[in-house]
Amino acid sequence: MGRPDGEDNADLSSDDSPWSDTAWSEDDDDEGSLSFEDSGEGSGLDSDDGLEEEAEGAEAGGESDSSEDEAGPRNTVGDVPLGWYKDEEHIGYDINGKKINKRDREGHIDKLLRNADSDTNWRKVIDAYNDEEVQITKEEAKIISRLLKGKTPHASVDPYPDYVDWFEYDGKGHPLSNAPEPKRRFVPSKWEQKKVVKLVRAIRKGWIKFDKPKDEPDYYLLWGDDTDTADNKRQGLSYIPAPKPNLPGHEESYNPSVEYVPTQEEIDSYQLMYEEDRPKFIPRRFESLRSVPAYEKALREGFDRCLDLYLCPRTRKKRINIDPESLKPKLPSKKDLRPYPRTCYLEFKGHSGPVRSLSVEATGQWIASGSSDGTIRVWEVETGRCLMVFNVGADVHRISWNPSPDKPVLAAIVGHDLLLLNAEVGDEETQMRTKQLLHIDESALEEDAGNSSCHPNNSYDVLLLDDKKPAVRWVKHDKFDGITLIHHKIYDLQKAEVVKKLESGLREISSISIHPGGDNVIVGSKDGKLCWFDTDLSTKPYKMLKNHSKDITNVTFHRRYPLFASSSEDCTAYVFHGMVYADLNQNPLIVPLEILRGHLSSDRRGVLDCKFHPRQPWLFTAGADSVIRLYCE
């Protein structure tokens with residue numbers, strides 16, 4: 001089927017489109033045959049021959065390209081309007097999330113030349129949804145032709161078939177019966193009469209009873225409860241009487257006993273109290289009832305009473321007899337949850353200021369502490385002996401051991417710097433390995449030695465920015481076997497993706513600890529609340545514990561035992577049993593075990609840090625009283 005002769009433009013209008021009657025026609029007698037007219041131009045072949053070749057190619061290659069059985073749609077945007085991708089270079093995304101680029105559209109001149117070269121090019125259409133070019137088959141062309149003429153898509157379907165009367169009956173000329181009405185329709189039914197007589201007999205003998213309205217009594221109980229009266233029994237919501245004030249006691253008497261009358265000193269002390277804490281009535285003594293003056297707050301209290309009756313909502317609560325012991329959760333016995341730290345076994349003394357941070361070595365043999373007195377101390381856990389003292393000259397905010405036990409390196413935040421120290425513990429081979437780790441190559445920066453400004457020590461730049469200026473510099477320490485990290489600029493780290501955001505609802509978070517399993521988190525706040533998060537369950541706290549009266553300074557999990565602890569500035573440390581089950585349908589078990597006391601308050605501060613022993617159920621606490629305590633079983 002070719003294009004009409006004399007067409008100048010490549011785009012076909014509604015008048016000269018290939019689907020019009022001028023291009024091809026159908027025989028009315030034979031609905032299945034389709035005839036094509038010669039276009040006069042093209043490739044030189046007959047139109048019928050060209051269509052037969054295309055039909056053979058379609059049969060050899062299968063159905064049309066637009067068939068959904070051969071390949072799924074390329075566009076995966078779903079119900080998103082395609083107009084949103086009008087100005088974009090892509091039209092959707094594949095299964096790997098990569099963009100699907102649009103195909104290059106040919107111009108009008110190329111389309112005109114292609115239509116002139118091929119007689120079958122007019123049967124190619126653009127599928128905007130999948131962004132591909134589809135060539136319709138001969139059968140599809142027949143369907144489109146019939147739709148343009150207002151006919152049914154398939155020629156074998158007759159939209160107006162002849163009516164076939166499937167039923168035969170007598171009197172076809174009268175669909176309704178013209179027989180006269182029978183006499184029984186005008187005579188009362190004797191069966192209905194018998195039914196009425198039967199019901200009347202049942203009512204007279206009392207077999208059928210009707211609900212009679214209850215007679216309301218004209219009297220009422222003078223001293224009875226207001227809820228028993230019929231006037232107060234409303235339909236729908238039940239009547240709730242107003243609460244009655246308490247009856248007066250001995251204090252309200254005009255001549256009470258001496259023990260009820262306060263002294264003048266007690267009356268003066270009432271003025272120092274808050275208004276809501278003051279007693280509402282002060283008893284007084286009078287010789288006779290005639291000497292009692294009028295109550296000065298009678299009008300005010302009556303007005304408040306009316307407001308309470310008018311504005312305060314009231315609800316009726318039914319009392320349920322329940323044993324209070326049955327409401328308590330059934331927790332396991334503490335004896336079954338041992339071992340856990342209970343008593344103070346050892347004290348580490350030597351600091352002259354508050355101990356702000358603790359860290360236990362990976363093997364559990366050494367412990368390091370940082371204090372506000374400007375010193376870092378290394379202790380032996382079993383004996384409590386102080387092995388090393390580093391005088392860093394500034395407050396130590398945080399201290400931590402290297403997780404690798406074969407390289408005993410201490411990291412401490414001193415002032416605004418990060419200091420890495422050789423703890424000088426272990427055998428000679430371990431100390432030599434640590435010194436090599438902290439060694440700085442002095443010849444690495446000979447070229448930049450002149451550019452290094454006003455620092456007397458050699459330094460090694462570990463990170464350079466785009467402008468070739470050092471962003472971070474490791475500086476060899478003057479006094480100790482260690483290096484210091486100095487920041488020169490603020491630089492962006494590699495961007496990280498937020499996996500989940502936990503909503504604690506706390507005022508200010510002070511500490512956080514992650515369970516060794518990785519699915520549970522505990523968070524401590526400065527308002528004395530501890531939150532347990534189950535990340536697999538919800539983003540909101542699973543449990544919220546309010547045990548401390550002051551700020552929580554630190555929370556920590558034990559790496560081997562189902563224990564976690566919290567320290568606070570109220571000079572206490574709480575130890576809890578926290579069992580996390582492998583079964584996801586079972587919630588974690590949280591049981592409070594022990595309250596550890598012993599630290600003294602200094603400048604309104606108590607326990608500043610707490611850490612568990614990596615192998616034993618022991619707990620270390622650091623207090624503002626410059627003492628470190630070890631609690632054991």
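Is phenylalanine 620 buried or exposed, and what is its relative accessible area?

A: Phenylalanine 620 is buried, and its relative accessible area is 0%. Buried means under 20% relative accessible area, exposed means over 50%, and partly exposed lies in between (1.4 Å probe, protein chains only).

The model is predicted: local features need pLDDT of at least 70, side-chain atom pairs count only at pLDDT 80 or more, and totals for chains, interfaces and linings use all residues. Residues are numbered from 1 along each chain as its sequence is written, and side-chain values use heavy atoms, with hydrogens and water left out.

Now the setting. The protein chain has 8 helices and 28 strands. Both are DSSP runs numbered from the N terminus: helices are H or I with at least four residues, strands are E with at least two. Of the 633 residues of the protein chain, 29% count as buried. Take contacts between residues at least 6 apart in sequence: 49% of them join residues at least 24 apart. Contact means heavy atoms within 4.5 Å.

Next comes threonine 621. Threonine 621 lies in strand β27. Threonine 621 is buried, with a relative accessible area of 1%. Its side chain makes a polar contact with the side chain of histidine 599, at 2.7 Å. A polar contact is a pair of N or O atoms within 3.5 Å; within protein, one must be able to donate a hydrogen and the other to accept it, and residues adjacent in sequence count only if both atoms are side-chain atoms. Leave aside neighbours within four places in sequence, and the contacts of threonine 621 include Leu358, Ala573, His599, Val607 and Tyr631.

Back to the rings. The structure holds 7 aromatic pairs. Phenylalanine 348 and phenylalanine 620 have ring centres 6.4 Å apart and planes at 45°, so this pair is tilted. It links distant parts of the chain: phenylalanine 348 is in strand β7 (residues 343-349), phenylalanine 620 is in strand β27 (residues 619-623), and they are 272 residues apart. Phenylalanine 348 is buried, with a relative accessible area of 0%.

A second pair joins phenylalanine 564 and phenylalanine 576. Their ring centres are 4.9 Å apart and their planes lie at 10°, so the pair is stacked. Phenylalanine 564 lies in strand β23 and phenylalanine 576 in strand β24 (residues 573-579), so the pair ties together parts 12 residues apart in sequence. The cut-offs: rings of Phe, Tyr and Trp (its six-membered ring) pair if their centres lie within 6.5 Å, and planes under 30 degrees apart count as stacked, over 60 as edge-to-face and the rest as tilted. Phenylalanine 564 is buried, with a relative accessible area of 0%. Phenylalanine 576 is buried at 2%.

Strand β23 leads on to β22. β22 and β23 form a hairpin with 5 residues between them. They run antiparallel, and 5 bridges join β22 to β23 (residues 563-568). Two strands pair if DSSP finds at least two bridges between them. Valine 555 has serine 566 in β23 as its bridge partner. β22 (residues 552-557) is mostly covered, with 6 of its 6 residues buried.

β9 (residues 366-371) and β10 (residues 375-380) pair in the antiparallel sense over 5 bridges. Isoleucine 367 stands opposite tryptophan 379 in β10.

The other open sheet has 4 strands in the order β18-β19-β20-β21, and its pairing is antiparallel. Its edge strands, β18 (509-514) and β21 (543-546), each pair on one side only. 5 bridges join β18 to β19 (residues 520-525). Isoleucine 509 has serine 525 in β19 as its bridge partner.
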